[in-house]
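Open your viewer and get ready to click along. We will go from stop to stop, selecting a few things at a time.

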Amino acid sequence: MSRGAAEVSRLIAIVGCGRVGAFVAGELSRTGIGVLVIDRRESAFDLLPPEFSGFKLHGNAIEMAVLRSARLQEADCLLAVTRDDNTNLMVTQVARAIFAVPRVLSRVSDPKKEPVFRHFGIEVISTTKVTADCLLAALSRSGGSRP
Amino acid sequence: MRILLVGGGPVVYYLAREFIARHHQIAIIAEAVAEAQALSRRLRALVLHGDGSDPRIQEEAGSRRTDAVLALTAHDHDNLAICQVAGEIFGVPRTVVLVNDPENEEVFHRLGVTMAISATSILARLLEERIGFEAIDELFPVAEGKLLIAEVVLRPGAPAVESALSAITLPKVSLIGGIIRDGEVLVPHGPTVLREKDRLIVIAEPEVQEEALQLLTGERP
């Protein structure tokens, strides 16, 4: 509890419990932040670390009924990290416009979709770009040519 | 009108065929190559294949000069992205979605889609209403279901037969919008006396429709 009450009272909703979602959920939960993970495949929750202490909700996050039962209006932040860009685009917009979630962040896989998210003012992390940039940076550091 | 259809299956084919027959210019984005090929063989339309929510594909399909976009895929999240790319990025004035989850009708309106239609809720409404009253021939909801328009026939012995309209007190927010008698349309006035076999166009809010129809036809749902 050394991180303080303010941190403890926060609730972060994560849509998509794949490798990225499960990892982020595990890390956040470890620091004492309240986490709610939503995934339409129940088996996805197997990826969560055993010590994960947050909530798990089995359901499709593009259904209003599911988001209502998640009590999304109480979340401080929503991370949309499914593999499907259009699902992320819809979930972040619904969270912001209908559930008034103060901060939404989305993962984008297809760089072509990035301008669409930006157009709607949604913060994005382009996983393809980030990975590519890291690879290119590593290459330029090591030279990448035979001695 | 220039219309862009995005999706697949028989709906897209028949809609495109119908629009072409009405001299509209049609472009289609189908997801699968094979389907795109089949459609382009059968229709006089520009057919592309790919992700209809990808701005570059929409640009290629002529979204910038399109008057209306219809999103008809099986996934609501894809339909929303298709409409938003068309409406917000390319300025398409009308975007229409066939939503799968009826709850998304309202959600999509709030997110800027011009028209979201749910086949599920239309069918559910039609069925419920029609099962209720045998005498109803036609029924359709308008203003997102806030008003229902029904066509009912007055059978022999119906309470409204031989009554003047001024003598019938219908519930609030319900009215007789027209009378069809022997194939002719009569504009209803207070002194108009209803007869057997008259067909009445009844406009009512859903909450009072049952009461209004019962008052006129004597039938119970």
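Start with the cysteines: there are zero disulfides over all chains, a disulfide being a pair of cysteine sulfur atoms within 2.5 Å. Select Cys17(A), which is in no disulfide; the nearest cysteine sulfur belongs to Cys77(A) and is 16 Å away.

Before you go on, a word on what you are viewing: this is a predicted model, where local features need pLDDT of at least 70 and side-chain atom pairs count only at pLDDT 80 or more, while totals for chains, interfaces and linings use all residues. Residues are numbered from 1 along each chain as its sequence is written, chains are lettered from A and ligands numbered from 1 in the order in which they are written, and side-chain values use heavy atoms, with hydrogens and water left out.

Is Cys17(A) buried or exposed? Cys17(A) is buried, with a relative accessible area of 0%. (Buried means under 20% relative accessible area, exposed over 50%, and partly exposed in between, using a 1.4 Å probe and protein chains only.) Now try Cys83(B): at 2% relative accessibility, Cys83(B) is buried.

Next, select Asp39(A), in strand β2 (residues 34–39) of chain A. Strands (E, at least two residues) and helices (H or I, at least four) are DSSP runs, numbered from the N terminus. Asp39(A) is buried as well, at 6% relative accessibility. Show its side chain: one of its polar atoms lies 2.8 Å from the backbone nitrogen of Arg41(A). Leaving aside neighbours within four places in sequence, the residues in contact with Asp39(A) include Cys17(A), Phe45(A) and His58(A). Contact means heavy atoms within 4.5 Å.

Now zoom out to both chains. How many residues of chain A are in contact with chain B? There are 19, and they touch 21 residues of chain B.

For the last stop, select Arg68(A) and Glu103(B), which form a salt bridge with their closest N and O atoms 2.8 Å apart. A salt bridge is a side-chain nitrogen of Lys or Arg within 4 Å of a carboxyl oxygen of Asp or Glu. The count between the two chains is three salt bridges.

Notes
Polar contact = N/O pair within 3.5 Å; in protein donor to acceptor, adjacent residues only side chain to side chain.
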